[in-house]
Amino acid sequence: APPDVAEVTLTANAGTIEALRRLPGGGFAARWRPPPARVPLVAIVAATAHGARGLEDGWVAIPVSGRGTARVRGEPGAPVTLRIGDRTFGPAVVGKDGVARIAVVVPPGIREAHEGFRPIDLAVPETSLLHAVADRREVLAGREERVRVVAYVVAPHGAGRRGEPPAFEPSRGTVSVSAREPGAYLATWTLPPGPPGEDRLVVRLRSAAESRALVRVAARAGPIPAPAPPLVAAP
């Protein structure tokens, strides 16, 4: 991190972050733990901080393989071998119930296995490919405010996603967006003066229902700009 950064905030679209600490030589370290479900996913971990230049951020995508048992139908007594990506699992023998059970490891982005030339649907659930974070959580309700939001988008296998910018849908105000690098988008959310309460910004991928993030900002009561003086006609 830049030397003027005193603290950072770490967030993730999946899993938990523990033991954030400052390193003696500069920078920070933490531990990320995957969620309990053993499904393949891509965890997006973002670090945000405030420095002399304003908002500082960085991110990393962590591909996480899933573990499970594939159920393959076949003739009782027949051996079955599955190919998933560049790995082979089995052989397992088809039981009397006509099903072979094979322990498998499935990388993110892969949705089917192959027994020879026959595809086997692995029933992999959809997971989020998006993460979004704002530079602050509070604004003043009585004046125009601008909140910076960074959104990160990955392909199913974990690389920065190209070609499909996320949609930004505010409950109030307007959003301007610019692409910064493959998979990273910087948005400015402009909130006009309004009543105290909570404002929300939904960030989502139109082509992936599970890829959705919600940014919340609390608008608290604060100084309200004085009204402009009435116009007086010249004598």
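A residue counts as buried when its relative accessible area is under 20%, as exposed when that area is over 50%, and as partly exposed in between. In this predicted model, Ala19 has a relative accessible area of 45%, so Ala19 is partly exposed. Ala19 is found in strand 2, which covers residues 16-22. Its backbone has a positive phi of about 55 degrees, although Ala19 is not a glycine.

Ala123 also shows a positive phi of about 55 degrees without being a glycine. Ala123 is placed in the loop between strand 11 and strand 12. With a relative accessible area of 61%, Ala123 is exposed. Another backbone feature is the cis peptide bond that joins Gly90 and Pro91, where omega is about 5 degrees. Pro91 belongs to strand 8, residues 87-93.

The interior comes next. In soluble globular proteins, nonpolar side chains tend to be buried together. Here the largest nonpolar core has 33 residues, and Val147 and Val149 are those with the most contacts inside it. The elements that give two or more residues to this core are strand 4 (41-51), strand 12, strand 14 (145-153), strand 17 (184-191), strand 18 (197-205) and strand 19 (208-220). Apart from residues up to four places away in sequence, Val149 touches Ala132, Val133, Ala134, Phe168, Tyr185, Leu186, Ala187, Leu201 and Val215.

Ala151 is found in strand 14. Its relative accessible area is 0%, so Ala151 is buried. Once neighbours within four places in sequence are left aside, Ala151 is in contact with His131, Ala132, Pro166, Phe168, Gly183, Ala184, Tyr185 and Val203. Ala151 and Arg220 stand 25 Å apart in space, C-alpha to C-alpha, and 69 residues apart in sequence.

Arg212 lies in strand 19. With neighbours within four places in sequence again left aside, the contacts of Arg212 are Ser128, Leu130, Val202, Val203 and Arg204. Between Arg212 and Gly109 the C-alpha to C-alpha distance is 18 Å, and the two are 103 residues apart in sequence.

Charged side chains make another set of links. The structure holds 16 salt bridges. One of them joins the side chains of Arg111 and Glu126, at 3.9 Å from N to O. Arg111 lies in the loop between strand 9 (99-106) and strand 10 (112-115), while Glu126 lies in the loop between strand 11 (118-121) and strand 12 (130-134), so this pair ties together parts that are 15 residues apart in sequence. Arg111 is partly exposed, since its relative accessible area is 39%.

Arg136 and Glu145 also meet through their side chains in a salt bridge, with 3.1 Å from N to O. Are the two partners buried or partly exposed? Arg136 has 26% relative accessibility and therefore counts as partly exposed. Glu145, at 7% relative accessibility, counts as buried because the value is under 20%.

A further salt bridge is formed by the side chains of Arg180 and Glu181, at 3.3 Å from N to O. Arg180 counts as partly exposed at 36% relative accessibility, and Glu181 is partly exposed with a relative accessible area of 34%. Salt bridges that share partners join Asp57, Arg180 and Glu181 into one network.

The last topic is empty space. Rolling a probe the size of a water molecule over the atoms shows where such space is left. The largest pocket has a volume of about 550 Å³. Which residues are the closest to its centre? Of the 25 residues that line the pocket, they are Thr9, Thr11, Val133, Ala134 and Arg137. Strand 1 (9-12), strand 4, strand 12 and strand 19 each supply at least two residues of the lining. By type, the lining of the largest pocket divides into 12 nonpolar, 7 polar and 6 charged residues.

Definitions and conventions: Residues numbered from 1 in each chain as written. Predicted model: local features only at pLDDT ≥ 70, side-chain atom pairs only at ≥ 80, totals over all residues. Heavy atoms only, no water. Salt bridge = Lys/Arg side-chain N within 4 Å of Asp/Glu carboxyl O. Helix = DSSP H or I, 4+ residues; strand = E, 2+ residues; numbered from the N terminus. Buried < 20%, exposed > 50% of the residue type's maximum accessible area, 1.4 Å probe, protein only. Core = buried A, V, L, I, M, F, W, Y, C linked by side-chain atoms within 4.5 Å. Contact = heavy atoms within 4.5 Å. 1 Å grid on protein atoms, 1.4 Å probe; cavity = no way out; pocket = protein on both sides within 12 Å on 5 of 7 lines; lining within 4 Å. Points joined across faces, edges and corners; volume = space filled by probe spheres on them. Nonpolar A, V, L, I, M, F, W, Y, C, P; charged D, E, K, R; others polar.
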